[in-house]
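Here's a quick walk through how two chains sit together and what lies inside them. Have the model open as you read.

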Amino acid sequence: MLHPFYTDRRDPFALLHSMMRDFDGPRMAPGQPSFPAVNVWQGDDAVAITAEIPGVELSEIDISAKDNVLTISGERKEPQLPDTATWHRRERGAGRFSRAIRLPFKIDDSKVEARLANGVLRIAVGRPEADLPRKIEIKAA
Amino acid sequence: MSTEVTTTGKTPTSAPETTRGARVYRPFTDIVETPEGVNLIVEMPGVSAEDVDVTLENRVLTIRGTVKPTALENFELAHSEYGEGDFERAFTMSEDFDAGKIRAEVHNGVLNIALPRAAAAKPRKIAVKAA
């Protein structure tokens, strides 16, 4: 009998991995991705976050930072159409969205920079001086 | 009442394949009929106006958008929820569209295409007189 979770017989750890994936991240309903999807990039002295938010006006985006949590929220407005318009196909969603990203350091407001280009949001968060690795000098004894 | 954005995530297409092996995504599209014609609202994040290609040939409307991949210098991807790739989608239209009058514009990563119906195909209202 085929166990529903254990479909890949070549990988004996598949079940364990799938369980680990379920625990990873704050996603409430698995399978339903949250909006906006984000990519997180790591650099030596900064962290960059990119998110695809097509159709959201600059004025409708709100980025806030508190302690080590960066929150991106906003609203995507419905397309403006005349009353006589009829829908044939509707695949894009509209409404409010909010996404919180926890970073491994305390965010300094003055070190956050955000840009919006072609519906892609880019946020760069600089790591505070205190968080940067310090070189430790080794003395010859 | 506050509604939240619901999404199903980007869907990669099975065809066509690119020679470089890059992914091609099927952009989410809203299609609306207005008295003038048909409007398409196509979601293509990361695509600028000069990278969009819209063609209408033999009733097939093809939309292509080329994405310049995000290459952040001295950064490496630590967590990824979306992939990057070009967008491509084709729709079969009825014959009564005027290819010369198609307007397309890109704003905030959303492509708006207005396809006006040919004048001959627009429904004419017939006035009914009381006899």
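This is a predicted model, so let's start where the chains meet. The contact draws 48 residues from chain A and 44 residues from chain B. Putting the two together buries about 3,900 Å², and carbon and sulfur atoms give 56% of that area.

Six salt bridges run between chain B and chain A; one of them pairs the side chains of Glu43(B) and Arg76(A), at 2.9 Å from N to O. Between the chains, 24 residue pairs are in polar contact, counting pairs with both residues at pLDDT 80 or more.

On the chain B side, strands 3 (29-33), 4 (37-43), 7 (75-80) and 8 (86-92) each give two or more residues. Strand 7 of chain B has the largest share, with six residues.

| Class, side of chain B that touches chain A | Count |
|---|---|
| Nonpolar | 17 residues |
| Polar | 18 residues |

Now for the inside. In soluble globular proteins, nonpolar side chains tend to be buried together. The largest nonpolar core here has 20 residues, and those touching the most other members include Ile49(A), Ile72(A), Phe97(A) and Leu103(A). Strands 1 (38-43), 2 (46-52), 4 (69-76), 6 (95-102) and 8 (120-126) of chain A each give two or more residues to this core. A separate core of 18 residues includes Phe91(B), Phe97(B), Leu111(B) and Leu115(B).

What is Ile49(A) in contact with, leaving aside its neighbours within four places in sequence? Among its partners are Val38(A), Leu70(A), Ile72(A), Ile101(A), Leu103(A) and Ile123(A), along with Asn39(A) and Arg122(A).

Conventions: Residues numbered from 1 in each chain as written. Chains lettered and ligands numbered in written order. Predicted model: local features only at pLDDT ≥ 70, side-chain atom pairs only at ≥ 80, totals over all residues. Heavy atoms only, no water. Core = buried A, V, L, I, M, F, W, Y, C linked by side-chain atoms within 4.5 Å. Buried < 20%, exposed > 50% of the residue type's maximum accessible area, 1.4 Å probe, protein only. Helix = DSSP H or I, 4+ residues; strand = E, 2+ residues; numbered from the N terminus. Contact = heavy atoms within 4.5 Å. Buried area = accessible area lost by both parts, 1.4 Å probe. Salt bridge = Lys/Arg side-chain N within 4 Å of Asp/Glu carboxyl O. Polar contact = N/O pair within 3.5 Å; in protein donor to acceptor, adjacent residues only side chain to side chain. Nonpolar A, V, L, I, M, F, W, Y, C, P; charged D, E, K, R; others polar.
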